[in-house]
Amino acid sequence: MRQNLLNEVNVIKGQIIKALSGFYYVKYNDEIYQCRARGNFRKKGINPLVGDFVTFQIENETDGYILSIEERTSYMVRPPVANIERVIIVMSAKEPEFSLNLLDKFLVKVESYHIEPVILVTKRDLLSASECSEIEHHLAYYTSIGYETYFVSNLNAQSYDTLVKGITVLAGQSGVGKSSFINSLIPDANLNTGVISNALNRGKHTTRHVELIPLQNGYIADTPGFSSLDLDNIEKVTLKNMFPEFIAIADGCKFRECLHINEPKCAVKSAVEAGEILQTRYDHYLQMMREIESRKVRY
Ligand SMILES: Nc1nc2c(ncn2[C@@H]2O[C@H](COP(=O)(O)OP(=O)(O)O)[C@@H](O)[C@H]2O)c(=O)[nH]1
Ligand SMILES: [Mg+2]
Ligand SMILES: [Zn+2]
């Protein structure tokens, strides 16, 4: 009977949930097929990514052959994952120190990929009540401009699995608690945490091995987010679109192309002066603008 089944041309659609050593592990219903990609992908410079929806041909009970890749809603190169729905930006309240500058850079980078950012601050347990309220005060602003924000201790973060929707990637500096967070959601994940594991992992080519871990509402990618915060994919005129609170009021600027820097009658600058837009957000906007400009000069 089985023989008959295998003789049929068996082309189905699935999703790559793991890539390792030239093999792609494609999930269809509850089965995983170990697949190779068609040779002409490489010729065309197309690289199947974890997260890709693909059509593949089943060759036997366990193996298959990827024929084509569906269009992606988003993708990142580092980590190499497609169809990412959210990036959880992980910042620690302490050790390493909480930084609004870094937070804004991460937000801009995630916005530039058209992916939804979520802000997760960890190590709440290390702060006094008054230090906590300072962080909460900052987070309230980010909530007000439309971001989901969370402030947790990884010692009891089990119930935060609702943060994971679709394919979700964690991004953040080393030591902020990304692995600890995944471990508290999925005790079975058993990811290495702390100083020793970071030292051991440094030399490894971990980017080649990306795996999606299934959760209630999606998958979490066990990869350490993007390692570089360069702004290479952002232009001077598009940077302002990475700031939702600027977009919300930009209609009030006198000039439609207003960059919110030197132009007269700028609604964004007025809002900064009125304290409606956080001064640090605007400062970081200017700082990133300078970074983009200096890149232009170099080229
Ligand atoms: N006190 C406290 N320590 C934490 C918390 N989250 C992580 N850590 C510790 O911070 C260190 C770095 O965590 P890790 O998960 O490896 O960070 P990663 O590099 O972002 O994956 C480890 O020693 C963790 O035990 C937290 O919420 N509270
Ligand atoms: Mg880690
Ligand atoms: Zn303006």
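Is Arg281 buried or exposed, at 0% relative accessibility? Arg281 counts as buried, a term used for residues under 20% relative accessible area, with exposed meaning over 50% and partly exposed in between (1.4 Å probe, protein chains only). The views show a predicted model, in which local features need pLDDT of at least 70, side-chain atom pairs count only at pLDDT 80 or more, and totals for chains, interfaces and linings use all residues. Side-chain values use heavy atoms, without hydrogens and water, and residues are numbered from 1 along each chain as its sequence is written.

**View 1. The salt bridge of Arg281 and Glu245.** The two side chains meet at 2.7 Å, N to O, a salt bridge being a side-chain nitrogen of Lys or Arg within 4 Å of a carboxyl oxygen of Asp or Glu. Arg281 lies in helix α9 and Glu245 in helix α7, so the pair ties together parts that are 36 residues apart in sequence. Glu245 is likewise buried, at 8% relative accessibility.

**View 2. The salt bridge of Glu235 and Arg295.** These side chains meet at 3.8 Å, N to O. Glu235 is in the loop between β13 and α7, whereas Arg295 belongs to helix α9 (residues 279–298), 60 residues apart. Glu235 is partly exposed, with a relative accessible area of 35%, while Arg295 is buried at 9%.

**View 3. The site of the zinc ion (ligand 3).** Cys253 (SG), Cys258 (SG), His260 (ND1) and Cys266 (SG) coordinate the ion at 2.1 to 2.4 Å. Cys253 is buried at 7% relative accessibility, and Cys258 is buried at 1%.

Key. Chains are lettered from A and ligands numbered from 1 in the order in which they are written. Donors are N, O and S atoms within 2.8 Å of the metal (3.2 Å for Na, K and Ca); water is not among the atoms, so sites may look incomplete. Helices (H or I, at least four residues) and strands (E, at least two) are DSSP runs, numbered from the N terminus.
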